[in-house]
Amino acid sequence: MDELNGTMMQYFHWYSPDDGAFWNDVGSQARALAQAGFTGLWLPPAFKGMSGIRDVGYGTYDLYDLGEFDQKGTVRTKYGTHQQYLHAIAALHQAGIQVYADAVLNHRIGGDALETALATPYLQDDRLYPRGEPREVQTYTHFAFPGRRGRYSAFEWHHQHFNAVDYDAKTSESGMVYLFAGKHFDDHVTLEKGNFSYLMGCDVDLQNDEVREELIRWGRWYLDTTGVDGFRLDVIKHLTAWFFPTWLDEMIDHAGRELFAVSEYWSPDVNTLHWYLNRLGPRMSLFDVALHYNFHIASRMGGNYDMRRILEGTLMQQRPYQAVTFVENHDSQPLQSLESVVEPWFKPLAYAIILLRREGYPCVFYADYYGAEYEDQGRDGQRYKIVMSSHRAFIDKLLHARRLYAHGSQYDYFDHWNRIGWTRLGNEEFPKAMAVVLSDGFGGGKWMEVRKPNTRFVDLTGQIKEPIYTNDTGWAEFQCLERSVSVWVEE
């Protein structure tokens, strides 16, 4: 994606409308998205969730129901029907855009019938020490999918296919996790809470041969049915790391073509991200959560962040070819579970960093591009109305610069505590140079080399009207305004 200057978009946010028109909207926007410069779309989970039309898709009920069967009170999903989804993918492919499906393999929620089993109780925040002896629990672990009636797969889930649950119908206790007899929490997962294998619902047991075979069967079916070009894998820090190399190899072998895969391992610690990527090898990329938190912190410091260190401790800096860079996503947006907002004034700077540098595969967030308005309850129990501003006009300019000017060698000038910059020198196909300068504080200039002597440069953002001319050796003092970014391109 570095050579192609590919750019993906997360084409949804947590509060996308549940009117069933979403897939139609995706298809209608395909050509415009391609013209803007997007080469890949990460679409939301397309399968039936526990909450029916209100489910964002992460409350996984039936992976085979893409809005085709009457289950959970609805045929369609929040986003539309099976056929609308396939038509949207076809429209994106026709426009030359790759499609990445959101695969939620960690859990199932909303079982069809109770089962009785023996389980040991643990506190949610302590997975190391039991809080009692094994006892009988009643759990919704039988997933029979009566609306689908065995179509596509006859597999039914029972308690033996799961490690643990968080609900016992006998007691209705809260704050507990029940580990089934003969099971253990998965290894090779994050060690938060002692062991963070369990996240929610009925936790899928990857130690079970039948489960692994079923997940591989489903992946093959999904590729055959949809023709997607890859996967975004959800909450993989809760799933044993050794499973995904096998699963991805099976998917690539079945598809007979390269598939892109990016995973969400939500940790700001770059060493943890390295550990996971080392286990998986070159098969997969990770979202650069560490970079996101640098953006979050910088945006909250009002000009007191040392911008020379904005890339420190990130995959973009240390492992660029496996980094999917992003500014915001559906979990970090206001009122969501991992809320870590990048303040609006800083987003143009952050997007310039992920879109105009050579490292990483950038992902633009839907709500940053189109804007969003919604209302929800905060952690304090109060309701809030949120307005996320659209940065589309500015991002479109950056996408234009990415296509035509973000090529060739890159020279960095990270030598001032709030004003940094870099230049791109171009290549044979795209020979024109570019200089980017940004500041989270005072505006001003930065001497940078573009190797284009006596050449006129203009600010593509339109914020500075006067052109800048390089000297006889191809250097110039490129300018930006206060708390702003300017993109100087060769005319």
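Analyst: Helices (H or I, at least four residues) and strands (E, at least two) are DSSP runs, numbered from the N terminus. The model is predicted, so local features need pLDDT of at least 70 and side-chain atom pairs pLDDT 80 or more, while totals for chains, interfaces and linings use all residues. Residues are numbered from 1 along each chain as its sequence is written, and side-chain values use heavy atoms, without hydrogens and water.

User: Where is Tyr167 placed, and is Tyr167 buried, partly exposed or exposed?

Analyst: Tyr167 lies in the loop between strand E9 (164–165) and strand E10 (176–180). Buried means under 20% relative accessible area and exposed over 50%, with partly exposed in between (1.4 Å probe, protein chains only). Because its relative accessible area is 35%, Tyr167 is partly exposed.

User: Which element gives the most to the lining of the largest cavity?

Analyst: A cavity is a set of points on a 1 Å grid over the protein atoms alone where a 1.4 Å probe fits but cannot get out, and lining residues have an atom within 4 Å of a point. The lining of the largest cavity includes Asp62, Arg108, Glu214 and Trp218. The most, three residues, comes from helix H3 (residues 209–226).

User: Which element gives the largest share of the lining of the second largest cavity?

Analyst: Phe231, Met251 and Phe260 are among the residues that line the second largest cavity. Helix H4 (243–255) and strand E13 (260–263) each give two or more residues to this lining. The largest share, three residues, comes from H4.

Terms used
1 Å grid on protein atoms, 1.4 Å probe; cavity = no way out; pocket = protein on both sides within 12 Å on 5 of 7 lines; lining within 4 Å.
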